[in-house]
Amino acid sequence: MCDNDSFDDMVAYRLRQELLSRRTFGSLTLGAGLSALVPLGCAPAEPATSPTPAASGSAAASTGTPASGAAATTESEVTITTPDGTCDAYFVHPTGGASPAVLVWPDIFGLRPAFRQMGKRLAQEGYAVLVVNPFYRKQKAPTAPPHPDFEDKATREALMALMQSLSAETAATDAKAFTAWLDQQPSVDKARKIGTTGYCMGGPLVMRTAAASPERVGAAATFHGGGLVTDKPDSPHLSIPKMKARFLIAIAANDDAKQPEAKDKLKEAFAQASLTASVEVFEGTKHGWCPPDSHVYDAAAAEKAWSELLALFKVALG
């Protein structure tokens, strides 16, 4: 899915040594209510409610207290049976009714508090969100230490081994299993298309998902995705003809500087497939700018990306 050359790009940042404070989050100017996105560990957990029904069972769920105008949500830790094992994941959705589903692929640091925060924020916008542990074949989350040091050889090699355990085949297997699981949930509106997003190494997984389940996936977005265009015969961009989704490809400026031809190849492939796609370089950004726990988190650029994601979902998913 991602070659060794792209690995350095994907792990060129470290997680911050501390989570963002409430003051940092509260001071950001938001169009979609980031004040509801309080870092885990800074506030007590909400009271538990009944578990959300799940095809393969779920842990105790909790109902989040939304910000003004945001949907109340129900969240749970769930397990999903796939042909290759049992995947641990986080599922969060509006408390009432059925909503369009969104499948979220994390970066190389895996399923963790920052991605649960991001998933919950998206659920508060009206979506049933599944954030998965892509490395479940190897170990349950967390799959990275809280503050990974990439100068530490053992840490770097361990994360590389996790990433290299994935392939185009495992991505297709997982995409089909996860979309099928979502379609079994009462909180998911199966009459509407599914969306999918991915960050860093999750970018190729988004493309594999759109290709593996073209009839279900109607919107797809990648943010500082690594290895979207390679010289390998299974390069993710070569699967674009199999897709039917609208796309948003948000590229970090330093990634574009290292591979400037990638954006043009993507634009050409989408055009040839007659797919609507926005392929955009976010000027001034570094690889990893979107997750709020990233060492190079860029609040303004992350909010721009967030706004474009919501606009894509509104058009493609409703």
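## Burial and overall make-up

Of the 318 residues of the protein, 55% count as buried, where buried means under 20% relative accessible area, exposed over 50% and partly exposed in between, with a 1.4 Å probe and protein chains only. This is a predicted model, in which local features need pLDDT of at least 70 and side-chain atom pairs count only at pLDDT 80 or more, while totals for chains, interfaces and linings use all residues. Residues are numbered from 1 along each chain as its sequence is written, and side-chain values use heavy atoms, with hydrogens and water left out.

The protein has nine helices and 10 strands; helices (H or I, at least four residues) and strands (E, at least two) are DSSP runs, numbered from the N terminus. Among contacts between residues at least 6 apart in sequence, 72% join residues at least 24 apart, a contact being heavy atoms within 4.5 Å.

Strand S5 covers residues 101-105, and five of the five are buried, so the strand is largely enclosed by the rest of the structure. Ala101, Leu103 and Trp105 point one way from S5, and Val102 and Val104 point the other way.

S5 is joined to strand S6 (residues 128-132) by four bridges, and the two run parallel. Two strands pair if DSSP finds at least two bridges between them. Ala128 in S6 is the bridge partner of Ala101. S5 also pairs with strand S7 (residues 194-199), again in the parallel sense and over four bridges; here Val102 stands opposite Gly195. Together with helix H3 (residues 113-123), S5 and S6 make a right-handed β-α-β unit. A crossover is right-handed if, with the strands pointing away from the viewer, the path from the first strand over the helix to the second runs clockwise.

Arg112 is found in the loop between S5 and H3. Arg112 is buried, with a relative accessible area of 8%. A polar atom of the Arg112 side chain lies 3.0 Å from the backbone oxygen of Gly110. A polar contact is a pair of N or O atoms within 3.5 Å; within protein, one must be able to donate a hydrogen and the other to accept it, and residues adjacent in sequence count only if both atoms are side-chain atoms.

## Helix H6

In helix H6 (residues 202-212), 10 of the 11 residues are buried, so the helix is largely enclosed by the rest of the structure. Among the buried residues are Gly202, Gly203, Pro204, Met207 and Arg208. The cover over the buried residues of H6 includes S5, helix H5 (168-183), S7, S8, S9 and helix H8 (261-272).

## Aromatic pairs and a charge over a ring

The structure holds seven aromatic pairs. Rings of Phe, Tyr and Trp (its six-membered ring) pair if their centres lie within 6.5 Å; planes under 30 degrees apart count as stacked, over 60 as edge-to-face and the rest as tilted. The rings of Trp105 and Phe178 have centres 5.7 Å apart and planes at 50°, so this pair is tilted. Trp105 lies in strand S5 and Phe178 in helix H5, so the pair ties together parts that are 73 residues apart in sequence. Trp105 is buried at a relative accessible area of 1%, and Phe178 at 0%.

Phe115 and Tyr199 form an edge-to-face pair, 5.3 Å centre to centre with 75° between the planes. This pair links distant parts of the chain, with Phe115 in helix H3 and Tyr199 in strand S7, 84 residues apart. Both residues are buried. Ring pairs link Phe115, Tyr199 and Phe223 into a cluster. Elsewhere, the charged end of Lys304 sits over the ring of Phe282, 4.1 Å from its centre; the criterion is NZ of Lys or CZ of Arg within 6 Å of the ring centre and within 35 degrees of the ring normal.

## Loop residues

Ser235 is found in the loop between strand S8 (217-223) and strand S9 (246-252). Ser235 is buried, with a relative accessible area of 2%. Not counting residues up to four places away in sequence, Ser235 touches Arg208, Leu228, Val229 and Thr230. A polar atom of the Ser235 side chain lies 2.9 Å from the backbone nitrogen of Thr230.

His224, in the loop between S8 and S9, has phi near 40°, a positive value in a residue other than glycine. Cys200, in the loop between S7 and H6, has a positive phi near 55°. His224 is buried at 0% relative accessible area, and Cys200 counts as buried at 0% relative accessibility. The peptide bond from Ala141 to Pro142 is cis, with omega near 0°; Pro142 is found in the loop between S6 and helix H4 (153-164).
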